[in-house]
Amino acid sequence: MDNVSLKALSKMIDHSLLHPTMTDEVIVAGCELAKKYDVATACVKPYAIPLVKEVLDHSDVGICAVIAFPHGNSTTAIKVREAEEAVLDGAREIDMVVNIGKVLGGEWNYVANEIWAVNEVVVGQGAILKVIFENDYLKDEHIQKLCEICSDCKVAFVKTSTGYGFVKQANGMYAYAGATDPQLRLMRANCPSAVGIKAAGGVRTLDDLLRVRGLGVTRIGATATAEILEEAKQRGYQ
């Protein structure tokens, strides 16, 4: 065990409430869990912000909203408007999915201009932007270039995955790897220290959290929040 506190671990977590089948009742219960464990944020879809804001009022848990989620295919103008509306509604953190097709096509001016435009409106309203790459679809050179662009735009975080970027496998089934150690190392190596790394997809245990923390990750997206932090308590973190 290192010297990290239980609170420091909890404040690494964005508790994910993003599955498309979630009812308002389920989202409220998830926000109550986020409050119980005093995580960094509850990560929600934009329409849920007013509801979530009411539940999280007078807590130290922030609101994170996802933009163009999960496929990143909205126009730049729509992404900007969606991000602006989410911040005005009460989100203090925004997780925006890049245009994956433009990334794969090497249309870097488009990608950079879009990230810059969304970051400008988010930061202008006093919030921060995390840019989701969806690494399962990308090669290392794409990840490196996205890190360069995000660093130039001075975004707050780069993020591995949505958790919904399923790739067709050789057997015809769909799966995703999420936050892999080699890609986390690559992202950390290609961003300045001022840009945080968020790992999402596959971080389900305390050991997972501690491992990615050791790679320079400062935020994770998780649905297994209770399991991770209860295990931390059992292992003596205070």
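This is a predicted model: local features need pLDDT of at least 70, side-chain atom pairs count only at pLDDT 80 or more; totals for chains, interfaces and linings use all residues.
Me: Thanks! Then which way do the residues of strand S1 point, and are they buried or exposed?
Reply: The general idea first: in a regular strand the side chains alternate between the two faces of the sheet. In S1, Ile 13, His 15 and Leu 17 point one way, while Asp 14 and Ser 16 point the other way, and all are buried.

Me: Which strands does S1 pair with, and in what sense?
Reply: Look for bridges on both sides. Strand S10 (residues 219-222) pairs with S1 in the parallel sense over three bridges, and here His 15 stands opposite Ala 222. Strand S2 (residues 41-44) also runs parallel to S1, joined to it by four bridges.

Me: What lies along the path from S1 to S2?
Reply: Helix H2 (residues 24-37) does: S1, H2 and S2 make a β-α-β unit, and the unit is right-handed.

Me: How many strands close into the barrel, and in what order?
Reply: Eight strands close into it, with parallel pairing, and the order is S1-S2-S3-S4-S5-S6-S9-S10. From one strand to the next, the twist averages 25°. A helix that packs on this sheet is H8 (residues 181-189), which touches strand S6 (157-159) and strand S9 (196-200). The direction of H8 makes about 165° with that of S9.

Me: Stepping back, how do I read the chain as a whole? 
Reply: Start with the secondary structure, which comes to 10 helices and 10 strands. The radius of gyration is 17 Å, close to the 18 Å that the globule rule gives for 238 residues, so the chain is as compact as a globular protein of that length. Along the principal axes, the C-alpha trace spans about 50 × 40 × 35 Å. As for cover, 50% of the 238 residues count as buried. The chain exposes about 10700 Å², with carbon and sulfur atoms supplying 52% of that area.

Me: What does Thr 218 touch, and where does it sit?
Reply: Thr 218 sits in the loop between helix H9 (206-214) and S10. With a relative accessible area of 43%, Thr 218 is partly exposed. Leaving aside residues up to four places away in sequence, Thr 218 touches Met 12, Phe 157, Gly 196 and Ile 197. Thr 218 and Lys 198 are 20 residues apart in sequence, yet 6.4 Å apart in space, C-alpha to C-alpha.

Me: Which backbone angles deserve a second look?
Reply: Here is the background: most residues other than glycine have a negative phi, and most peptide bonds are trans. In this model, a cis peptide bond joins Phe 69 and Pro 70, with omega about 5°. Pro 70 is in the loop between strand S3 (62-67) and helix H4 (76-89). Asp 38 is not a glycine, although its phi is positive, about 50°. The loop between H2 and S2 holds Asp 38, which is partly exposed at 22% relative accessibility. Glu 134 also has a positive phi, about 65°, without being a glycine. You will find Glu 134 in the loop between strand S5 (128-132) and helix H7 (140-153).

Me: Is Glu 134 buried or exposed?
Reply: Glu 134 has a relative accessible area of 1%, so by the under 20% cut-off this residue is buried.

Methods: Residues are numbered from 1 along each chain as its sequence is written. Side-chain values use heavy atoms; hydrogens and water are left out. Buried means under 20% relative accessible area, exposed over 50%, partly exposed in between (1.4 Å probe, protein chains only). Helices (H or I, at least four residues) and strands (E, at least two) are DSSP runs, numbered from the N terminus. Two strands pair if DSSP finds at least two bridges between them. A crossover is right-handed if, with the strands pointing away from the viewer, the path from the first strand over the helix to the second runs clockwise. Axes are lines fitted to C-alpha atoms, for helices over the stretch in contact, and angles run from 0 to 180 degrees between N-to-C directions. Contact means heavy atoms within 4.5 Å. The radius of gyration is taken over C-alpha atoms; the globule rule is 2.2 Å times the number of residues to the power 0.38. Accessible areas come from the Shrake-Rupley method with a 1.4 Å probe; for residues, only the protein chains shown count as cover.
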